[in-house]
Amino acid sequence: MSDELCTLTAVEQADLVRRREVSAVELLEAHLDRVDRLNPTVNAIVTRDDEAAYRAAREADRRLAVGHGIGPLHGLPVAHKDTHATAGLRTTWGSPLQADTVPAEDELVVARIRAAGAIRVGKTNVPEWAAGSHTTNPIFGPTRNPYDLRLSAGGSSGGAAAALAVGMVPLAEGSDMGGSLRNPAAFCNVVGLRPTPGRVPMVPAELGWQTLPVQGPLGRTVADVALLLSVIAGPDSRATVSLDESGSVFREPLGIDLRGLRVAWAPDLGGRIPTDRAILGVLNREIKVFEALGAEITETCPDLAGADESFDILRAMYFAVNLGDAVREHPDQVNDMVRWNVERGRMLSAIDVGRALLAKTRLHEQVRRFFSEFDILLCPSTQVLPFDVDVDYPRRIEGQHMHDYLEWMRACSLISATGCPAVSVPGGFTTDGLPVGLQIVAAPRADRQLLDVAHTYEQATRHGLRRPACDPTLLPAVDTSLRIPAVSQHSH
């Protein structure tokens, strides 16, 4: 029965708790049992908080019994990305420099999830300083793909996506600059939404005006993602970038008639990205699903001139400002990719940054014109299939050399630069059984329309129902004996 509970959607689990057919304690026990059995191999959840979780679950059951303070996520176990500050529970950023950092307060996204009644079970694994779309770091090691334990789970929200895929939690939140919500969702056959910047306010935020980094939800279904978004979205006066619309708009039933929907299909984003032919073979079939549902398909792409330049410059500046001191003071404790980003940022001039901001402004107008002619853009979520877990990033795609660790993520980073909301949904499987993600993009602030379309497509295909076998006997547990020690917060 415990495994059956964990395979239900978050919406279904929340309904069972609300109707008192399952207690919050029973739901927590079911999920922690799966963590005990599966996490030693998948390595998705890296810091646990069992004792506090059981206290919170018992309190959730007490509050439900007296009908007091019942939130939308009441009793649901969740795990937070290990880059998001959690009061009293270590937040490492996957960095040896932060291995024992225990924040005093929750950051806003975590506080909103807690206030909605969720039960915190721990933290999900990330790359060091969340740099790159492959989840591994010197403290905890790699997170493995549940569909093939020899492969990467993506990143930087890879721990969250893998934990969802195997039913260790029903919901998780993450963040996304160049694809960190969408890439792992595609690799692990779950749903990851990069909202419009400001939809989920970020407090605190070092560079509050920056709109490349956003926070957002992951789930096994579009409805689950909408449920979590309804909790974490909504204005906050402390945030520099914050949309006024309430998150409650995402609690209404999802779905839309796709007849007459104007859909653009951009398999290579206007010739800007090489993509594994196996991915395109799968997605070309999926376009026919939209046609069967009555959508009007045109193979075309918005003008993305300036997207690469603005993303690369503003990202490098972000790294130099936020991690420059760490690289200068502890260069031997920061990986090559972070140092490379910081050095690129240090070389920028004011003119470079101004040029990037100008390109981003022009890009916004280009995208605005495009979405006056089309309702939705479809493109691949990733350019490659899940790759060897021991490889830091793919070096070649369809014969083209990748000059750096960002180049293989352009399917997502080009979209990040536009400011458009984008969601990766399960788009089918290769003949080898590896998941493929379909990226659906809408006009800025059209997050609700985006989820309506994604839900309708999901219901027509049901690709997300194909869950991994995740046989823990295939590989030994991840050996952490040589990892950098960190304060243990796991109690049974």
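Helices (H or I, at least four residues) and strands (E, at least two) are DSSP runs here, numbered from the N terminus. This is a predicted model, where local features need pLDDT of at least 70, side-chain atom pairs count only at pLDDT 80 or more, and totals for chains, interfaces and linings use all residues. Residues are numbered from 1 along each chain as its sequence is written, and side-chain values use heavy atoms, with hydrogens and water left out.

**Stop one: an arginine.** Select R144, which sits in strand β4 (residues 144–145). R144 is buried but has no salt bridge, and D390, the nearest side chain of opposite charge, is 5.4 Å away. Buried means under 20% relative accessible area, exposed over 50%, and partly exposed in between (1.4 Å probe, protein chains only). A salt bridge needs a side-chain nitrogen of Lys or Arg within 4 Å of a carboxyl oxygen of Asp or Glu; for charge, Lys and Arg count as positive and Asp and Glu as negative, while His and the chain ends are not counted. Now show the backbone of L149: the R144 side chain reaches its oxygen at 2.9 Å.

**Stop two: cysteines.** How many disulfides are there? The count is zero, taking a disulfide as a pair of cysteine sulfur atoms within 2.5 Å. Pick C379: its sulfur is 7.7 Å from the closest cysteine sulfur, in C301, so the two are too far apart for a bond. C379 is buried at 0% relative accessibility. Then click on C188, also buried, with a relative accessible area of 0%.

**Stop three: cis peptide bonds.** Go to G155 and S156, where the bond between them is cis, with omega near 5 degrees. S156 lies in the loop between β5 (148–152) and α6 (158–165). Next, select V203 and P204, joined by a cis peptide bond with omega about 0 degrees. P204 belongs to the loop between β7 (191–194) and β8 (214–219).

**Stop four: positive phi.** Select N189, in the loop between α7 (182–188) and β7. N189 is not a glycine, yet its phi is positive, about 60 degrees. Is N189 buried or exposed? It is buried, with a relative accessible area of 0%. Jump to R462, in the segment after α14 (447–461). R462 also has a positive phi of about 60 degrees without being a glycine, but at 45% relative accessibility R462 counts as partly exposed.

Key
A polar contact is a pair of N or O atoms within 3.5 Å; within protein, one must be able to donate a hydrogen and the other to accept it, and residues adjacent in sequence count only if both atoms are side-chain atoms.
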